[in-house]
Amino acid sequence: MKDLSFDIDKRLPEGPGKHGRSGIIHTPHGDIATPAFIPVATKATVKTLTPEQIRATGTQAILSNAYHLYLQPGHDIVDEAGGVAKFENWHGPTYTDSGGFQVMSLGVGFKKVIAMDLADLTEKDIRAAKRERMAKVDEEGVDFRSIIDGSKHRFTPEKSMQIQHGLGADIMFAFDELTTLIDSRTYQEESVARTHRWAQRCLEEHDRLTRERYHRPKQSLWGVVQGAQYEDLRRQATRGLLDLDRAAREKGQRGFGGFGIGGALEKQNLGTIVGWVCDELPDDKPRHLLGISEPDDIFTAVEAGADTFDCVAPTRLARRGGVYTLDGRLNLTNARFKRDFKGIDEEFGGYVTENYSRAYLHHLLKAKEFLAGTLCTIHNVEFMVRLVDNIRAAINGGYYEDYRDEFLGRYYAASKAR
């Protein structure tokens with residue numbers, strides 16, 4: 001059956017830490033033109049939206065969560081349904097993460113979005129007290145308790161591969177250990193080494209399951225680069241994954257089809273860190289940056305060499321009344337929108353702006369009507385998808401820098417004025 005492949009269309013000017021490009025990821029369920037924003041469908045659904053509504057935003061692929069789908073309804077049920085794309089009626093390209101982030105973030109009390117800046121934060125702002133922890137890491141894997149009923153479970157690299165093969169996504173990630181910026185240098189070193197050993201076990205199990213499940217479409221396993229804010233650890237982790245990939249292929253086994261860049265990233269150094277990793281990565285494989293959605297971060301990451309991105313922030317923000325506009329973010333719960341009968345952003349347009357007013361959305365949010373979440377989510381997903389589509393068009397058209405400067409200058413002008 002068809003396997004994943006990647007073609008490069010056009011490149012931005014290259015140099016150390018600068019590897020921006022546009023391209024196409026070919027998957028068994030369709031193509032993904034890159035750069036691309038990938039909305040998060042945590043439990044096999046982008047919250048509040050139907051698959052038809054997601055498609056209407058221009059979304060090319062979605063990412064579901066191995067941890068949550070393992071707990072409910074169970075990866076065996078999704079497998080029996082024909083895989084996550086068929087189960088949720090998406091029928092396009094899909095990603096699944098390994099469950100590593102959720103096992104640790106939910107078990108150790110990390111924020112749902114990893115802290116990217118330590119300013120004005122203490123350890124208790126980022127991680128819960130030890131007595132509250134529900135996850136424990138050892139060499140073999142992670143013991144944790146379910147957030148649903150407190151039952152005990154264990155994830156290993158092999159278990160993560162079994163879950164993700166059952167879910168059947170086109171692209172899946174190796175099981176890695178999540179660290180944060182507050183972890184010590186010594187612990188980061190230990191974690192990078194452990195994640196390397198886990199990645200090797202993931203490759204072995206991925207190859208075994210691929211052979212066993214020959215009747216299913218081929219899935220692509222991507223290695224995950226950790227190393228926090230340390231250049232030597234990021235480069236070491238990347239080279240280690242490449243060594244594993246080479247060794248697997250020399251044995252006639254399947255290697256990594258692409259690479260994820262994960263873990264803690266200082267916002268002010270995001271481009272530098274992604275650049276270190278992309279300096280080491282091969283040119284012919286796609287790269288996914290996990291958990292990034294702020295417009296300035298996306299431009300920075302694209303220039304450094306990231307091809308795709310996912311984040312829950314646009315959908316979570318929407319359910320609370322936060323919406324994107326070309327002039328920055330708005331919070332539609334604010335009283336000033338009570339009699340504002342304009343669309344969210346009439347220059348941007350889109351389905352929600354063209355059909356509903358800010359006043360109506362304000363009313364829905366205050367009345368706690370479910371439709372508020374649906375409409376704001378449609379708008380935010382469409383905004384992020386179109387932003388990255390425009391970045392891709394700007395790369396291909398040769399006017400990337402002009403587009404970047406114009407967009408960011410306008411988007412952040414209001415916040416700077418405040």
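**Exercise 1. The sheet**

How many bridges join β1 to strand β2, and in which direction do the two strands run relative to each other?

*Solution.* This is a predicted model. Step 1: β1 is joined to β2, which covers residues 21-27, by 6 bridges. Step 2: the two strands run antiparallel. Step 3: one of these pairings involves K10, whose bridge partner in β2 is S22.

Now determine the order of the strands in the open sheet and name its edge strands.

*Solution.* Step 1: the open sheet consists of 3 strands in the order β1-β2-β3, with antiparallel pairing. Step 2: β1 (5-11) and β3 (30-34) each pair on one side only, and they are the edge strands. Step 3: on average, neighbouring strands of this sheet are turned by 15 degrees against each other, direction ignored. Step 4: helix α15 (residues 370-397) lies across β1, β2 and β3 and runs at about 120 degrees to β2.

**Exercise 2. Two partners of E280**

Identify the salt bridges that E280 forms with R235 and R239.

*Solution.* Step 1: R235 and E280 meet through their side chains at 2.7 Å, N to O. This pair links helix α9 with helix α10 (residues 270-280), across 45 residues. Step 2: R239 also forms a salt bridge with E280, the closest N and O atoms being 2.9 Å apart. R239 belongs to helix α9 and E280 to helix α10, 41 residues apart. Step 3: E280 is buried at 19% relative accessibility, R235 is buried at 16%, and R239 is partly exposed at 46%.

**Exercise 3. Confidence**

Over which residues is the pLDDT below 50?

*Solution.* Step 1: the chain has a mean pLDDT of 91, and 91% of its residues reach 70 or more. Step 2: the pLDDT is below 50 over residues 107-113 and under 50 over residues 128-132. Step 3: where pLDDT is low, the predicted coordinates should not be read in detail.

Note on methods. Residues are numbered from 1 along each chain as its sequence is written. This is a predicted model: local features need pLDDT of at least 70, side-chain atom pairs count only at pLDDT 80 or more; totals for chains, interfaces and linings use all residues. Side-chain values use heavy atoms; hydrogens and water are left out. Two strands pair if DSSP finds at least two bridges between them. Helices (H or I, at least four residues) and strands (E, at least two) are DSSP runs, numbered from the N terminus. Axes are lines fitted to C-alpha atoms, for helices over the stretch in contact, and angles run from 0 to 180 degrees between N-to-C directions. Contact means heavy atoms within 4.5 Å. pLDDT is the predictor's confidence in each residue, from 0 to 100. A salt bridge is a side-chain nitrogen of Lys or Arg within 4 Å of a carboxyl oxygen of Asp or Glu. Buried means under 20% relative accessible area, exposed over 50%, partly exposed in between (1.4 Å probe, protein chains only).
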